Amino acid sequence: MSLIAFLGTAETGLIFGLVALGVYISFRVLEFPDLTVDGSFPLGAAVSAVLIVNGVNPFLATLLACFAGAGAGLITAWLNVRLNILNLLASILTMIALYSINLRIMGRPNIALLGETTVFSPLEALGIPSYWAVPAALLVLIVIAKFAMDWFLNSQIGLAMRATGTNARMARAQGINTSFYILLGMAVSNALVALAGSLFAQSQGAADVTMGVGVIVVGLAAVIGGEAVILPRTVFLATLACVAGSLLYRVAVALALNADFIGLKAQDLNLLTALLVAVAMVLPSVRAPVKRALKGDKRILGKLK
Amino acid sequence: MKAIRLALAAMAALCVANAATAAEKSVAITQIVEHPALDACRKGVKDVLAENGFVEGQNLEWSFESAQGNMAIAAQIAKKFVGDEPDVIVAIATPSAQAVAASTDTIPVVFSAVTDPVAAKLVPNWEHPGGNVTGTSDMAPVDKHLQMILRISPNVKKLGVMYNPGEVNSVSSLEAVKKAAGPLGIEVFEGPAPKSSEVLAAARGLVGKVDAFYVPTDNTVVSAFEAVVKVGIDSQIPVYAADTDSVNRGAIAALGFNYYQVGRQTGEMVLSILNGEKPGDIPVSGVKTLDLWVNPASAEKMGVTLPEGIVKEAAKVVE
């Protein structure tokens, strides 16, 4: 793999690390299967693209994109909490609606950002080649995001949110307003995903209305895959696992792209993702016996004799 | 832990063990999704190169990756190609072209099947792009299409355009149709279909409202073209297309180019660049050859008689 391909893998992996963190909040902390991300990812891209093309400061545009994503999350949560629509269905409704909303916001299916001032322009102006500048900036951002999330999840509000996800009834009995925490959690989750969408559009040179398809799959693969590699014993390790999972997924994609000599082509990616997630889900139960066998457990050796 | 370390080492070895074959020239080609038209485009490029002495395996290193409709994968493919440093990167369709153009400003990039390269910010203008990007546009000459429609069905006053609002090429085509239809006295009705499974319903929704259907070069609608033909036959509404392959599948007529020709034009550009020309000096080209294809059997089923003159003019009459 060339250096540029490796840095490209890191870049995409770090951006989708933000998606993984967002999916972690909804899927793991709140136990809320959230397909809204397929709509909030392009929503973030759409909002920031339209603003940037109309001359707005890119940092402000990105911030507004986060608010837009938060709005989308709030809608899904509101449908669930106020109208009692099943969480999965509520998220599907918002995802479908967002397709039309994104088209309305952009006015056309694709807005090109090549040559526009983006959040990465100041770094490029320093003379650093973009294939270094962008991953480096993203690494700093994701470290900040990860530690902010660790702090948040260990704060009073974060603990209340975790309690809501673990056992809503018990949480309510303890006086926690579970509706509020679901709304808050979904807003934060989708704000992160919209941020990722905005950064992706700015680094790729275009916001396209179809760029959200499959984001939830990638997010889940990252969260679940990461958990198989780094056991999420603490919040610190859990968020680290999300980012690691996202990077591992992108490495797997890059391997599929580079492995022509063993017959794998990019077309096999979906199969690879499915296998990866399946292995990741089976790994925890297989881990212990495999470990024992490697250490030469006498029971297993005895059976072999 | 040991097993994990072994696995990581194996993965690292796989990453590194990719020896480049010694070849004279290398061309890397990517497309956003696999699709008969885009595949034909790619074949056109390859054939032109082969006819001019660049054959895969002998003196040409040819790598192809499809992004399977996923922009994140298109981004990784773009980075991979830039890292491989080929002599030319060919990108078929707007999202792939944008991803590649964003990843390099030194390696020559030739786009293909991009309807509006200026709006996509790939090139500043058609005549002298100036940078490292040039290519072929598949913008359909819709005014000629409308004239053809009026020649065969002169009573058409309301035209139904089937398209996917999520495809930027179709939105551009729709706008062009609306612009050209005004002076001709034709009213345009939209039949939006965001997914290929919704094409049938969208077509049915226009029955009774339109005198004819027109299907532009839209990936979604063309992949479900038979649905539009079915509605046309059931309701006796003529169906016209913008690409010639659809005439095989039931359209009455199309004044189109086929994507193989677009690919060949792209291949000519790639050839010039391989022979030393700078991409910035090569103007973006539109479609040059237009062929008229007609399907008399389909016309009959839809209640239309093709004028003799048209059938004689046709480059191909589909049986």
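Predicted model: local features only at pLDDT ≥ 70, side-chain atom pairs only at ≥ 80, totals over all residues.
In chain B, an open sheet is built from 7 strands, arranged in the order β7-β6-β8-β9-β10-β11-β12 with mixed pairing. Strands β7 (187–192) and β12 (316–317) of chain B each have a single partner strand and stand at the edges, so one side of each is left without a neighbour in the sheet. Within the sheet of chain B, strands β8 (residues 212–215) and β9 (residues 239–243) run parallel and are joined by 3 bridges. B:Tyr214 has B:Tyr240 of β9(B) as its bridge partner.

The largest nonpolar core comprises 143 residues. The residues with the most contacts inside this core are A:Val19, A:Ala20, A:Tyr24 and A:Ala196 of chain A, together with B:Val90 and B:Val270 of chain B. Leaving aside residues up to four places away in sequence, A:Val19 touches A:Val37, A:Phe41, A:Val193, A:Ala196, A:Val215, A:Val218 and A:Gly219.

Between the chains, 37 residues of chain B are in contact with 37 residues of chain A. On the side of chain B that touches chain A, at least two residues are supplied by each of α1 (2–16), β2 (60–66), α3 (71–84), α4 (94–103) and α6 (168–184) of chain B. The largest share of this side, 11 residues, comes from α3(B). By class, the side of chain B that touches chain A consists of 20 nonpolar, 10 polar and 7 charged residues.

Methods
Residues numbered from 1 in each chain as written. Chains lettered and ligands numbered in written order. Pairing = 2+ DSSP bridges. Helix = DSSP H or I, 4+ residues; strand = E, 2+ residues; numbered from the N terminus. Core = buried A, V, L, I, M, F, W, Y, C linked by C-beta atoms within 7 Å. Buried ≥ 20, exposed ≤ 12 C-beta atoms within 10 Å, placed from the backbone. Contact = placed C-beta atoms within 7 Å. Nonpolar A, V, L, I, M, F, W, Y, C, P; charged D, E, K, R; others polar.
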